[in-house]
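Hi,

Here is the structure I said I would pass on.

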Amino acid sequence: MAIFFDNPELRKHWFAVATDVEVTNGVIGRQLLGEKMVLYKDASGKVNAAPDRCPHREAPLSAGEVSDGVLVCCYHGWSFGEGGKCVSIPSADPGFPIPKSGHLRCFNAEIRYGLVWVCLGDPASDIPIITQEADSDFRRINSPVDVWKVSATRMTDNFLDIAHFPWVHTGTFGSSQRTAVQKIDLKDLTDGYHGYEYDVVAENPPSAGIASGQSGGEVSRTMTTGFYLPFAVRSTIKYHTGLEHIILLLSTPIDDVNAYFTFIIWRNDDFSIASEDTVMFDRSIGEEDRVMLEKIPGVLPLEHGALANAQSDKPSTAWRMKLSQLLNNE
Ligand code: FES
Ligand SMILES: [Fe+2]
């Protein structure tokens, strides 16, 4: 497939690029859709995202530092505050007017669910909605934002796919005995996600007991999985005990073949087990996917007929079609 990351339509959507903690601790550099950017929090606590290029002599601003809510360039100390406004030019007389071109042109940026989200253009859609964020029965558990040497297209395809469970997830929950996938019917789910519901019997080794809240060799669970364009996937796992475990899987294109990956969990357990221990099992699952996907080069073909499909590929096929429409502005 031709280069997809510079498609102008993608610039109209929100992507998770960092954790809130990372920007609270200082200035960081990131790359989104080929665009190198600097992220910093200003004195009001708001996160700012701007091209990682000082307007003075093009030094990378991510090599600077944040002091009292002001981003200071490491080359000549020009400093930037709220909304990228240049607030100081140390070499100039105090009365010297700051040139218009001396301010940073910020992208849309905000903090949601413990993550920094950036939209490079005018937003055409919202950040994916997770209603449990406002429900005090649920707690949220974040994970680091990692770099995968994988196209975001292949990640999203994988996160919608059930058929790989018994092949790739043999070290976690995938039962090698159950390779057949039940018939999948797609429908609109809540909050703009589109996907399917299915019942699955999963392996429940001791390492999975914390996540499932149960012991025993196997657990039955109902999963509801759906996508939200361009690259978000929400999976809700329900156990008969009433435990709900919601996973938001986020793939952010750095370029065509590299992506940030992070996931967030919301769950209505009794909050007694440490967050870190609770997500350990999901981290191991993600690691199995990463190892598999990093073996596959390039961008996932999106054109109709480019890939052979089985019935179990229905969700991914629907997502590929909708992504194609988005990229073609149809
Ligand atoms: S290049 Fe940033 S202050 Fe000169
Ligand atoms: Fe997987």
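Let me start with one residue: Ser 79 is buried, with a relative accessible area of 7%. By buried I mean under 20% relative accessible area, with exposed being over 50% and partly exposed in between (1.4 Å probe, protein chains only). Ser 79 sits in strand 7 (residues 79-80). Setting aside neighbours within four places in sequence, Ser 79 is in contact with Val 70, Leu 71, Val 72, Lys 85, Cys 86, Val 87 and Ser 88, where contact means heavy atoms within 4.5 Å. Leu 120 is 41 residues from Ser 79 in sequence, and their C-alpha atoms are 22 Å apart in space.

A word on the ground rules: this is a predicted model, local features need pLDDT of at least 70, side-chain atom pairs count only at pLDDT 80 or more, and totals for chains, interfaces and linings use all residues. Residues are numbered from 1 along each chain as its sequence is written, chains are lettered from A and ligands numbered from 1 in the order in which they are written, and side-chain values use heavy atoms, with hydrogens and water left out.

Now the overall picture. The protein chain has six helices and 18 strands; these are DSSP runs numbered from the N terminus, with helices being H or I of at least four residues and strands being E of at least two. For 330 residues, a compact globule would have a radius of gyration near 20 Å, and the 22 Å of the protein chain agrees with that. (That radius is taken over C-alpha atoms, and the globule rule is 2.2 Å times the number of residues to the power 0.38.) Along the principal axes, the C-alpha atoms fill a box of roughly 75 × 50 × 35 Å. Of the 330 residues, 52% are buried. Among contacts between residues at least 6 apart in sequence, 60% join residues at least 24 apart.

Helix 2 (residues 152-159) is mostly covered, with seven of its eight residues buried. Among them are Arg 154, Met 155 and Phe 159.

Next, the aromatics. Searching the whole structure gives twelve aromatic pairs. Rings of Phe, Tyr and Trp (its six-membered ring) pair if their centres lie within 6.5 Å; planes under 30 degrees apart count as stacked, over 60 as edge-to-face and the rest as tilted. Phe 165 and Phe 173 make an edge-to-face pair, at 4.8 Å centre to centre and 70° between the planes. Phe 165 is buried at 13% relative accessible area, and Phe 173 is buried at 7%. Tyr 196 and Tyr 198 have ring centres 5.4 Å apart and planes at 25°, so that pair is stacked. Both of those tyrosines are buried too. There is also an aromatic cluster formed by Phe 4, Phe 15, Phe 231 and Trp 319.

Finally, some backbone spots to look at. Leu 229 and Pro 230 are joined by a cis peptide bond, with omega about 0°; Pro 230 is in the loop between strand 15 (218-228) and strand 16 (232-238). Tyr 113 is not a glycine but has a positive phi, near 55°. Tyr 113 lies in the loop between strand 9 (108-112) and strand 10 (115-119), and is buried at 6% relative accessibility. Asp 191, also not a glycine, has a positive phi of about 55°. Asp 191 is in the loop between strand 13 (187-188) and strand 14 (194-203), and is partly exposed at 30%.

Cheers
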